[in-house]
Amino acid sequence: MPTTSVSSDNRLYFLDWVRILAFFVLIAYHVGMYYVSWGWHVKSPHAGSGPEPFMLLSSPWRLTLLFFVAGAASCFMLQKVQPGIFVRRRSLRLLLPLLFGMLVIVPPQPYLEVVEKLGYADGFHAFMRLYLSAYGGFCQDGCLVLPTWNHLWFVAYLWVYTVVLAACVGVLSSAQWQALGLRTAALLSGWKLIVLPALFLGLVRILLADRFESTHALVDDWFNHATYLPTFVLGALVARSRRFWDDMQDQRWLALGLALAGWATIVAWYAAPHHEHSAQMMAFWQPVMRCVYTLCAWSAIVAACGFARRHLDRDGPARRYLTDAVFPVYIAHQTLIVVLAHGFKPLNLAPGGSFGLYELVRRLPWARPLFGLAPTPRAKAAPAPAAARA
């Protein structure tokens, strides 16, 4: 089968839907964090382990998928502008919301965290003085790092990966980059589409997961960088290969089966009494389970893209609205969840609150760049009536 490429103006609408749905899964996951036993900013008094198997359904692949899709989107942007212009535009769209988020959106999260966990009672304004002065005295099982980007770490990492990608594209010619992408897509055909990326991610997890704790602090987060950056670059390499997306569509049912089987195995592994196993058994089974984890993760990504390619590769008002809305909703959602969880408890209102904020922001030209939206397009002047022209 010959390899054909997708033209730069032939938008892959299904990737927009994948991005939209992945962010919705992320929002649902953060709602669930209030109810599980895992550590988070605020916790329900009824938190327990019951929902955790369902949380594990998206844990292996959720963020890796977002970086993969972001890489593909970046490829199409780079087809239209030079790398330097691309970096300047992406910096405006990413760094300004990141800075605004750290100063305005995020602070209620650590504030309510120290209120609930440490009994802090000096009020939000006093906390903000400590927040902006990088106070390090809020400690319980480790000290809170202030100021923080919390859930907006994804934006910081995405900007760094954007710069790396632009540098790679700048070194190679456009023809060389496209040829490298088509060769990569040809390599990942058939069964290799699932096996090779899963093996690479499994090797990264085996070699680095124990050595580098996941911190989301950018400068020391080498395990996450070794996972997310190659996935981002892979998305950029294969984005224009029609064959690659066709293979994902062809492999979607197999990938879905592997992802669900991997999820069931992961749930069983977490439920097993590991303290009863010998060190020799753990030394054997832990690498195996890490490969199962990454096979589950990559299979879920293939399934998500494959089913979206088959059923969601279309445009419409909903796609256009949600494509624009999803980034502001992402920026605001976790703070709304934390505030509502602390004050009112109805967590199901948080996503709606995020969309309400988006509806306000999209109408305010000065606020749009703060939430990662493009400036409001200028209306074209209407042609003068014939009588006026005469």
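Tutor: Start with tryptophan 191, which is exposed because its relative accessible area is 58% (exposed means over 50%, buried under 20%, partly exposed in between, with a 1.4 Å probe and protein chains only). One caution: this is a predicted model, so local features need pLDDT of at least 70 and side-chain atom pairs count only at pLDDT 80 or more, while totals for chains, interfaces and linings use all residues. Residues are numbered from 1 along each chain as its sequence is written, and side-chain values use heavy atoms, leaving out hydrogens and water.

Tryptophan 191 sits in the loop between helix 8 (174–187) and helix 9; helices here are DSSP runs of H or I, at least four residues, numbered from the N terminus. Together with Leu187, Val195, Leu196 and Leu199, Trp191 makes up a nonpolar surface patch with about 480 Å² of accessible area. That area comes from the Shrake-Rupley method with a 1.4 Å probe, and only the protein chains shown count as cover for residues. Patch members have over 30% relative accessible area and no salt bridge; like charges are joined within 9 Å, and nonpolar side chains (Val, Leu, Ile, Met, Phe, Trp, Tyr) within 5 Å. Helix 9 (residues 192–208) gives the most to this patch, with three residues.

Now for the inside. Serine 299, in helix 13 (residues 279–311), counts as buried because its relative accessibility is 0%. Leaving aside neighbours within four places in sequence, serine 299 is in contact (heavy atoms within 4.5 Å) with Ile194, Ala255, Leu258 and Ala259. Glycine 262 lies 37 residues from serine 299 in sequence, yet their C-alpha atoms are 9.0 Å apart.

Helix 13 also holds arginine 309, which forms a salt bridge with aspartate 246, closest N to O 2.8 Å; the term means a side-chain nitrogen of Lys or Arg within 4 Å of a carboxyl oxygen of Asp or Glu. Aspartate 246 is in helix 11 (residues 242–250), 63 residues away, so the pair links distant parts of the chain. Both arginine 309 and aspartate 246 are buried.

Compare aspartate 315, partly exposed at 35%. Aspartate 315 bridges to arginine 319 at 2.6 Å and to arginine 320 at 3.1 Å, N to O. Arginine 319 is buried at 6%, whereas arginine 320 is partly exposed at 45%. Asp315, Arg319 and Arg320 belong to a salt-bridge network that also includes Arg11 and Asp16.

How values were computed
Helices (H or I, at least four residues) and strands (E, at least two) are DSSP runs, numbered from the N terminus.
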